[in-house]
Amino acid sequence: MIAMAEIEAESAFQPGERITHHEYGQGVVLDPVRGGYLRAFFGVGERRVPIASLQRQLSRTERILRAVAGGADRGRTAWLSCEAHALPVVESASALTSARISDVSSSLDRLVQFLCAAVTQRQQKLLKVDEQTYDLMTADGARRARFTLNRDSATNQDDLELLGLDHPLVQEELGRWRSVPPEDIGIAVAGDVEEPVLLSLWMVETSAGNGERRVVVQPIAIEHDGTRVPAVERRCERYLQAPASAPRLAPEQRLALFAQAVEPALQRELQHKGAANGDGSYSAELIAYAEINSDGRG
């Protein structure tokens, strides 16, 4: 009689599933498990390996949902990572969906807010000189650079650098915060909600049948019963920066809610907007997750 543990182990690996082997690295399962072994394709070619030597390669979403935590530092990291993904979208077009993900008055204001927070993590400061000028100061008080938001001023004055997405310093910070491990960006916060809410932000790239491509940031907020919460979606950045709370859901509960409610809601939203219909296709990547618990004022 086969032990239950063996049955569970064999059912854990299915053809097409991504895996990691301690010696061969990342690979893909080719055949079902038989007798404790499976056939998989790695960078070195096909190999038959014991399942005891393998680990499932979790998706980005699974990695985020399995490592939710509270804390102010965690919240700042999550917000910076989300902004690093979203800012190029905001800058490039009228790309955001009906829900804005910032309350700042313009994309430039938002860029300044991001850079100020980002350099603070390096013990530097972005100091406002006037409405269009900012000084980047090092930890020892020396001025590293002077930025302007005015293109003409940057062109006419040698000591001014134009602050924009294409500036090398901004590119460096965007890359740094986009590369934050998924395990570090799932947060739990307290907010003015009556029932606990799962807030997720998705970077969605759509491709129409005519070859047109578009990138949007789509918030999805649901209660545990699957009810959509548009009010939270409209103010999602506010909730990403809300006070920390202790997570109340187990990883398995989050994963189940995503499969049963969040991802179907995202699919319906994209279909409603015409992004998941017809000959087109789309891909969606989770860039932020906040588990919002009631702060008692909802």
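User: Happy to look at this predicted model with you! Which residues are linked with E172 in a network of salt bridges?

Analyst: Good place to begin: in this predicted model, one network of salt bridges includes E172.

User: Within it, how far apart are the closest N and O atoms of E172 and R122, and which parts does the pair tie together?

Analyst: E172 sits in helix α6 (residues 168-178), while R122 is in the loop between α4 (107-120) and β6 (125-130), so the pair ties together parts that are 50 residues apart in sequence. Both partners are partly exposed, E172 at 40% and R122 at 32%. The closest N and O atoms of the two are 3.6 Å apart.

User: Is E233, the salt-bridge partner of R228, buried or exposed?

Analyst: R228 and E233 have their closest N and O atoms 2.5 Å apart. R228 is partly exposed at 29%. E233 has a relative accessible area of 6%, and because buried means under 20%, E233 is buried.

User: Last one: which residue has a side chain in polar contact with that of S245?

Analyst: S245 lies in the loop between α8 (236-240) and α9 (251-272), and S245 is buried at 16%. The side chain joined to that of S245 by a 3.2 Å polar contact belongs to N293.

Note on methods: Residues numbered from 1 in each chain as written. Predicted model: local features only at pLDDT ≥ 70, side-chain atom pairs only at ≥ 80, totals over all residues. Heavy atoms only, no water. Helix = DSSP H or I, 4+ residues; strand = E, 2+ residues; numbered from the N terminus. Buried < 20%, exposed > 50% of the residue type's maximum accessible area, 1.4 Å probe, protein only. Polar contact = N/O pair within 3.5 Å; in protein donor to acceptor, adjacent residues only side chain to side chain. Salt bridge = Lys/Arg side-chain N within 4 Å of Asp/Glu carboxyl O.
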